[in-house]
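User: I would like to know how the labels used for a model follow from their cut-offs. Please show the structure first.

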Amino acid sequence: MVLAHIGHWYAEILYVLPVVLVAGFLGVSNWREKRHARASQDPPG
Amino acid sequence: MTRRTAVRAAALAALASAAFPALASAHGLVGRQDLPIPRLLFVWAAAAVLIASFVGLAVLWPKPRLEGEQHERRAFALPAALGPVCGAIGVALFVLVVYAGYAGTQTPTANLAPTVVYVLFWVGIAFASLLFGDVFRPFNPWRAIGRGVGWAAQKLAPSSLPEPIAYPERLGRWPAAIGLLLFAWLELVYGGKQDPSTVATASLIYAGAQLLGMSVYGVEAWCRNGDAFGVYFNLLSKLGPFDWRGRELWTRPFLSAATGIVAIPGTVAVLVVLIGTTSFDGFSQGPTWNSIAPDLQSSIQDLGLGQVRALEVTFTIGLLAAVAVVSGMYRVGTVGMRSIDTRFSASELSGRFAHSLLPIALAYVVAHYFSYLAIQGQAIGYLASDPLGDGSNILGTATAQIDYGFVSANMVWYVQVGALILGHVAGLVLAHDRALTLYSNARDATRSQYWMLTVMVAFTCLGLWLLSAGAV
């Protein structure tokens, strides 16, 4: 019964998987773009 | 978004679509209750469509197209005499509904009042507003009464008539937001919501409140801001191609008028209430809520409330929580946008992007109520002949019956999924177009919409999850 409950819970969580993927992907992209912009502004050496 | 990021996102979307080819041939569905592919795949595919749309906007839509000058065209004008006639029809229908509610049978399905208010008025006019423009305005019964009273008073005592008070700017559309929340409470929470006499009483109370508002602030100012249904139907009409200006009909591109919505105070609240209450309507029919509600109801009963009142309090908590969740999701989007450019406060961004919530609100309404309108709306066939449920047969259609096979379960599911996807893509388009006018370059505009994309995907997943839960 416990396993059935966990299975049901996981099934519900899968509905928000796209949100997690999109937020993660865009978050990482945003962070990398910012880091790249900072690196290009810093003077060499 | 850089081109490399865009290509990666497109690849992600394409991969998701390719991974679920069954969706492309999902015509073999035999009904919502027995889908050949899991509903979960519909959710993932819908998210993939949104991501692909976002990438398409980032690459192919570098300049604002919907904002600014509108391509509008005057189609035709109706005779001036039709205005009072439409108003009189609206008042007559209102009187009929109230009379039927009190004088007719108290069996909800056999009385005209509940079907007219909950199905034809609340849902039917919402659909009509999108397709034909703001058709409610000329038929608005309380506006017609207010205008009629004003006209008569002007004729009888032109000098002693006081000027209405200027409508307070800070009040904005808040009265409409509260009115919509109260209507949703009546429809989704109140135990006696289907009783025809309750519907009649609620209609009279609402009309009284509108007449009071009009008498204080003037008919047009109140109808534009304070009349919950007037505001609701008018906002929905902004998405469609028709615009009634007095008795003139103008045409315009789809969505374009939404950019002209001025987000006065309460506008976001109206849209959030619409999405939140519709969400709760779906959520309250699913297994998650039905496993929470009994425990919550029991806890409230322990405080000394009766069973029915405890259930109403339980559902009220659920309704308010749903509105709060939707509000929180939108807030996350606007606060996130601020990280791109701190010139705009989160509240300012909330107002500037409020119009992007409008197609989502419409999508939720279509997805949740399409089958309700198509099936339950047919009841008007027999109710038109027997409005009081007393056995009369005025038009000879009293024996008409509801055809439950009028729309198939397949069709309902396709309409629901299609409406949610189209609504959210339209929301993305409006938000992207607005971002292009706010930020100095297309790159920043696209980056600001990362957050909006996440919110739109979340709304889509929520909407489809709610529909799936209700279908179990």
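User: Why is Cys461(B) called buried?

Analyst: Cys461(B) has a relative accessibility of 3%. Buried means under 20% relative accessible area, exposed over 50%, and partly exposed in between, with a 1.4 Å probe and protein chains only. Because 3% is under 20%, Cys461(B) counts as buried. The model is predicted: local features need pLDDT of at least 70, side-chain atom pairs count only at pLDDT 80 or more, and totals for chains, interfaces and linings use all residues. Residues are numbered from 1 along each chain as its sequence is written, chains are lettered from A and ligands numbered from 1 in the order in which they are written, and side-chain values use heavy atoms, with hydrogens and water left out.

User: What makes Cys223(B) buried or exposed?

Analyst: Its relative accessibility is 7%. That value is under 20%, so Cys223(B) is buried.

User: How many disulfides are there over all chains?

Analyst: The count is zero, where a disulfide is a pair of cysteine sulfur atoms within 2.5 Å. For Cys223(B), the nearest cysteine sulfur belongs to Cys86(B) and is 15 Å away, and Cys223(B) is in no disulfide.

User: Why is Val20(A) called exposed?

Analyst: Val20(A) has 52% relative accessibility, which is over 50%, so the label is exposed. This residue lies in helix α2 of chain A. A helix here is a DSSP run (H or I, at least four residues), a strand is a run of E of at least two, and both are numbered from the N terminus. Chain A has two helices and zero strands.

User: What is the label of Leu255(B), and where is this residue?

Analyst: Leu255(B) has a relative accessible area of 16%, under 20%, and therefore counts as buried. Its place is in the loop between β3 (248–251) and α11 (267–283) of chain B. Phi of Leu255(B) is near 75°, a positive value in a residue other than glycine.

User: How many residues of chain A and chain B are in contact?

Analyst: Contact means heavy atoms within 4.5 Å; by that rule, 15 residues of chain A touch 25 residues of chain B.

User: How many salt bridges does the rule find across the interface of chain A and chain B?

Analyst: A salt bridge is a side-chain nitrogen of Lys or Arg within 4 Å of a carboxyl oxygen of Asp or Glu. Across this interface the rule finds zero. On the side of chain A that touches chain B, helix α2 (residues 17–41) gives the most, with twelve residues.
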